Amino acid sequence: MKTGNLACMALALLSACTSKTGTATQNADTASHGAPTVPPANISHGEAPVGTALDSAPVDPAAPPHAASRLTRVRLEIHDTLIQVSKDVQYRAWTFQGSVPGPVIRVTQGDTVDFTLFNRAPMPHSMDFHAAQIAPNKYYVNVMPKDSLHYRFVAEVPGVFMYHCGTAPVAAHIANGMYGALIVDPRTPRPAAKELVLVQSEFYMTPDSTAAPKTLSWDRLLSLAPDYVTFNGRAAQYAEHPIRVNVGELLRLYVVNAGPNRLSSFHVVGGIFERVFVDGSQTSPLSGVQTVGVPVGGGSIFEIRLKEPGEYPFVTHAFADATKGAVGIFVAGRGP
């Protein structure tokens, strides 16, 4: 009996010690995992605080109106410009028309684009339109400082396309802000919708503890380690300034991924896409899908209706990138 009692007591002590050790280890793991413990927003998937600002976001995401002519003249100037990547961070960008991304261009299938590029920057640049089917060696050539380039092309394929500087090293020119979106509407108009343009891209910054404007870190770019991932050139701007929509309203989102490195896994939390036109293809749209990848250099058209009032985050579901700024909020309400 005494031996049995001693064995039971030993087992009890061993169990208690194991339990305490396990709890202590678990607590230590929780304390040392390194991730933030305070959520930045008051909703699930809110990777940035949801703002209540009544003013509009720094970059208006509204799509421009449909083309009014079969000939669209596009004139872009290249400038080196200081931009705001976040409220507290400025960046020395290379830009089309002084903004990142550059202006949204919109034409109709079969229209002619008459394009002129002026280089007001101190180094060579060029232009590559993904919507064009022309010989790059003839048209996507370097334009020297204080020089210009002119060419035409016919936009034959509907969709949403990237345009960007194609001067080597292309990754540096894109990472510095030289990109934008071109919408080619089909000849038969799409149904009426609230239309928005979202260009995802990345910024790679040279480490600097001062408040001086940042510049490109080539090493971070080659390591695929962005400091910011943004929609329309500014981190979390559509979380700070949510986009207001109506319940049941058809939303048409033109999403371009300028990169230069990161896949966009585009997703609206709380919604399911009615149709997704991958790269704008009219022949076989996806239906009833949750998340669709937009490759670097690609673009897709997303259609969705939000079913009830509330706040709906839209993100890249690559959440490291959402945490770095690729997040916004739709606020759905009832009313006009």
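Hello everyone, and thanks for coming. A word on the ground rules. This is a predicted model, where local features need pLDDT of at least 70, side-chain atom pairs count only at pLDDT 80 or more, and totals for chains, interfaces and linings use all residues. Residues are numbered from 1 along each chain as its sequence is written, and side-chain values use heavy atoms, with hydrogens and water left out.

So, how many salt bridges does the structure hold? There are 13 salt bridges, each being a side-chain nitrogen of Lys or Arg within 4 Å of a carboxyl oxygen of Asp or Glu.

Let's begin with D114. Its side chain meets that of R73 in a salt bridge, at 3.8 Å from N to O. D114 lies in strand 4 (residues 112-119) and R73 in strand 1 (residues 71-86), so this pair ties together parts that are 41 residues apart in sequence. Strands here are DSSP runs (E, at least two residues), numbered from the N terminus.

Is D114 buried or exposed? With 7% relative accessibility, D114 counts as buried, while R73 is exposed at 59%. Buried means under 20% relative accessible area, exposed over 50%, and partly exposed in between, using a 1.4 Å probe and protein chains only.

D114 has another partner too: a polar contact of 3.1 Å joins its side chain to that of H150. For a polar contact we need a pair of N or O atoms within 3.5 Å; within protein, one must be able to donate a hydrogen and the other to accept it, and residues adjacent in sequence count only if both atoms are side-chain atoms. Leaving aside neighbours within four places in sequence, the residues in contact with D114 (heavy atoms within 4.5 Å) include L71, V74 and Y151.

Next, please find R252 and E195. Their closest N and O atoms are 2.8 Å apart, in a salt bridge. R252 sits in strand 12 (residues 251-259) and E195 in strand 9 (residues 194-203), 57 residues apart. R252 is buried at 1%, and E195 is buried at 15%.

Then there is R275, which forms a salt bridge with E303 at 3.1 Å between the closest N and O atoms. This pair links strand 14 (residues 273-278) with strand 17 (residues 299-304), the two residues being 28 apart. R275 is partly exposed at 31%, whereas E303 is buried at 2%.

Finally, which residues are linked in a network of salt bridges? They are R106, D185, E195, R252, R275 and E303.

Conventions: Helix = DSSP H or I, 4+ residues; strand = E, 2+ residues; numbered from the N terminus.
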